[in-house]
Amino acid sequence: MAEIELRQLRKSYGAFEAIPPIDLKIGDGEFCIFVGPSGCGKSTLLRTIAGLEDASAGEIMIGGEEVSQRHPGERGAAMVFQNYALYPHMTVRQNMGYALKIAKRPKDEIRTTVERAAHTLGLEDLLERKPSELSGGQRQRVAIGRAIVRDPKVFLFDEPLSNLDAELRTRMRLELADLHRTLGVTMVYVTHDQVEAMTLADRIVVLRSGRIEQVGSPLELYDNPDNLFVARFIGSPSMNFLKAEAADGEICLSEIQGPPLPRPEFVPSDWRGLLGVRPEHFELRAGGMEIRLRAVEHLGGVTYGYATLPGGTELCVDLQGHREMAAGDTVALGIPSERAFFFDQKTEKRLR
Ligand code: ATP
């Protein structure tokens, strides 16, 4: 078990600074997830912690020891990759025991350790198979098993579920949550899957161009995003953003007709910016702003309506349950002001 601490950690590729100096503490036993748009540096940060990339500057503490100059195998961290990276010619047993064999552990110990890990992961019956004889989910479990046998202080996962189909991904997600509970070790995980981040993480780190935008529990980020970037990134479907301004003590929407909202005290009287509304926070309310639905998605328990406002702004509205609505229908929407978010136009920070 171990805490991870990054101190002024920086990573450049030549003149390109992928990770400007960052500081981050990941608690002992925490499940910490890095998210952010493609190219924001999630994998680079994870690989630098693992030692697969050399840090350009700064310190990496794992379990209280500075490891940035150590070989990847000597950091107490085990990495699980998206493509599993299994040896095709070896059986599951050999794949899982390989690191111990290289470390010249006694045969009996290797057998016991591999079998214990296989039991944890439900792989007992597959130990003599080759990777080509396994399903995607089974291969992923072997890859995790290979990490478990090394008894690492921390697990590092780089999009481990992204090659699996939707159903399997859901199952493996639950298995990973169980595994984290069972092992109680620190896990750092990279994904661009919203659901994985929201359901697995104790804490989410939102990255943008290598910088940390916000760190918090999934619901902290969902309920209290610091800025437009985090608000846009966390939540699926995404938050809606409507151009709005304060006038005469009220908030008026610029792109659509509708009753104004009361202006909360923290919003300046000359405010102009973006009003953020999550799809599920709109109310279907007679006399509200009227929008014409361009498309309707019926997912069974939830129904989403999509509309394009005259200014081009796209809206997604949760139509609240199982609704017999169709493209072309008009709905009247209200925005409960206590659930709306107010963002400054220039700084993109959230007012509160
Ligand atoms: P994705 O979600 O697409 O996997 P990511 O957030 O994991 O993206 P990284 O792979 O960490 O992003 O890349 C961060 C930035 O560093 C990108 O701009 C990328 O082009 C750059 N980069 C990554 N590896 C190298 C390299 N070996 N040489 C130069 N630039 C690199």
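Two residues are in contact if their C-beta atoms, placed from the backbone, lie within 7 Å. With that in hand, here are the views.

**View 1. The whole chain, in outline.** This is a predicted model: local features need pLDDT of at least 70, side-chain atom pairs count only at pLDDT 80 or more, and totals for chains, interfaces and linings use all residues. Residues are numbered from 1 along each chain as its sequence is written. Of the contacts with a separation of 6 or more, 66% join residues 24 or more positions apart. The chain has eight helices and 21 strands; helices (H or I, at least four residues) and strands (E, at least two) are DSSP runs, numbered from the N terminus. The C-alpha trace spans about 80 × 45 × 35 Å along its principal axes. Of the 352 residues, 36% count as buried. A residue is buried if 20 or more other C-beta atoms lie within 10 Å of its own, exposed if 12 or fewer, and partly exposed in between.

**View 2. What surrounds the ligand?** Around the ligand sit Tyr 13, Phe 16, Ala 18, Gly 36, Ser 38, Gly 39, Cys 40, Gly 41, Lys 42, Ser 43, Thr 44 and His 192. By class, the shell has four nonpolar, seven polar and one charged residues. Ala, Val, Leu, Ile, Met, Phe, Trp, Tyr, Cys and Pro count as nonpolar, Asp, Glu, Lys and Arg as charged, and the others, Gly among them, as polar.

**View 3. Helix H1, wrapped up.** Seven of the nine residues of H1 are buried, so H1 is largely enclosed by the rest of the structure. The buried ones are Lys 42, Thr 44, Leu 45, Leu 46, Thr 48, Ile 49 and Ala 50. Just after H1, Gly 51 takes a positive phi of about 95°.

View 4. Arg 169, Met 172 and Leu 176 are buried in H5. They cover an arc of only 65° around the axis, so they sit on the same side of H5; the arc is that of the directions from the helix axis to the C-beta atoms. Why can such residues line up? An α-helix has 3.6 residues a turn, so residues three or four places apart point the same way. On the other side of H5, Glu 167, Arg 171, Leu 174, Asp 178, Arg 181 and Thr 182 are exposed. The cover over the buried residues of H5 includes helix H4 (136-148) and helix H6 (194-200).

View 5. Most residues other than glycine have a negative phi, and most peptide bonds are trans. Lys 104, though, has a positive phi near 60°, and it lies in the loop between helix H2 (92-102) and helix H3 (107-121). With 7 C-beta neighbours inside 10 Å, Lys 104 counts as exposed. Glu 159 also isn't a glycine, yet has a positive phi of about 40°; it is in the loop between strand S7 (154-158) and H5. The peptide bond from Ser 236 to Pro 237 is cis, with omega near -5°.

Note on methods
A residue is near a molecule or strand if its C-beta atom, placed from the backbone, lies within 6 Å of it.
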